[in-house]
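Let's take a walk through a protein model, one piece at a time. Keep the picture open while you read.

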Amino acid sequence: MVRDNQKNFGLVSKLLHWLIAILMIGLIALGWWMIQLGYYSTWYHTAPALHKALGVSVFMLGLLLIIWRWISPRPQSAANHSGFERQASKLVHQVLIASVLLIPVSGYVFTTSNGEAVPIFGLFEIPSLFPVSETMRNIAIQMHIYASYGLLAIVLLHASGAIKHHLMDRDRTLRRMTW
């Protein structure tokens, strides 16, 4: 099943979910690791280039996910979910999607603040589209960092909710997003 239906997520939703999840967690780890690198590390220039290219990939996948949700509406919540759980789930998913867009955009803003383009895997470059003041650059850096840590907290909440539904409630919430 490619498309979502009332009870289950389809293949496209599952692929987008897990690709974005793995990339975002990997990008947070890569970002944390690369700021620890010394100037003479062989990864000093490679890690940021990889981080930027993967960040753009996440942004594109996030846009694709939003489009997909218009085309293929999400399955309904399980009947045993409380009103609070339904509202919390909706809010957590909105924050996750906003993060998938906000974090790469803030990265783009401070990366291109000096007028340089963002190289994407050596295939093409995304040009700097507008001038950025020093103040805006600093705000973008802080937004990028704090939104990434916030995303990590939301991911943990999201995963905890899925595990709670699987182990305690014994419903299909987690299984709907796995194979």
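## What you are looking at

Before anything else, keep in mind that this is a predicted model.

## Helix α1 against helix α2

Two packed helices are described by the angle between their axes and the distance between the axes. Take helix α1, residues 11-34, and helix α2, residues 46-71: their axes come within 9 Å and cross at roughly 155°. An angle over 145 degrees counts as roughly antiparallel, so α1 is roughly antiparallel to α2. The crossing of this pair is left-handed.

Who does the touching? On the α1 side, the residues in the contact include L16, L23, L27 and W33, and on the α2 side they include H51, L54, V58 and W68. Sorted by class, the contact of α1 with α2 has 19 nonpolar residues, 5 polar ones and no charged ones.

## Helix α1 against helix α4

Helix α1 also packs on α4, at an angle of about 135° and with the axes 11 Å apart. The two helices are therefore oblique to each other. Once again you get a left-handed crossing, this time of α1 and α4.

From α1, the contact uses H17, M24, I25, I28 and W32; from α4, it uses S148, Y149, L151, L152, V155 and H158. Split by class, the contact of α1 with α4 has 8 nonpolar residues, 3 polar and no charged.

## Two histidines in helices

H51 sits in helix α2. Is H51 buried or exposed? Its relative accessibility is 14%, so it counts as buried. A polar atom of the H51 side chain lies 3.5 Å from the backbone oxygen of L27. Setting aside residues up to four places away in sequence, H51 touches L27, L30, G31, M34 and H144.

Now hop over to H165, which is in helix α4, residues 134-169. H165 has 8% relative accessibility, so it counts as buried. Its side chain joins that of D169 through a polar contact of 3.0 Å. Apart from neighbours within four places in sequence, H165 is in contact with H81, E85, R170, D171 and T173.

## V109 and its neighbours

V109 belongs to helix α3, residues 83-111. With a relative accessible area of 10%, V109 is buried. Which residues does V109 contact, leaving aside neighbours within four places in sequence? They are F130, V132, M136 and A140. Of these, take V132: V109 and V132 are 23 residues apart in sequence, while their C-alpha atoms are 7.3 Å apart in space.

## Two residues with positive phi

Most residues other than glycine have a negative phi. F121 has a positive one, near 50°. You'll find F121 in the loop between β1 (118-120) and β2 (124-126). At 46% relative accessibility, F121 counts as partly exposed.

R170 has a positive phi too, near 55°. R170 lies in the segment after α4, and at 65% relative accessibility it counts as exposed.

Notes
Residues numbered from 1 in each chain as written. Predicted model: local features only at pLDDT ≥ 70, side-chain atom pairs only at ≥ 80, totals over all residues. Heavy atoms only, no water. Helix = DSSP H or I, 4+ residues; strand = E, 2+ residues; numbered from the N terminus. Buried < 20%, exposed > 50% of the residue type's maximum accessible area, 1.4 Å probe, protein only. Polar contact = N/O pair within 3.5 Å; in protein donor to acceptor, adjacent residues only side chain to side chain. Contact = heavy atoms within 4.5 Å. Axes fitted to C-alpha atoms, helices over the stretch in contact; angles between N-to-C directions. Parallel < 35°, antiparallel > 145°, perpendicular 65-115°, else oblique. Left-handed = near helix turned anticlockwise from the far one by under 90°. Nonpolar A, V, L, I, M, F, W, Y, C, P; charged D, E, K, R; others polar.
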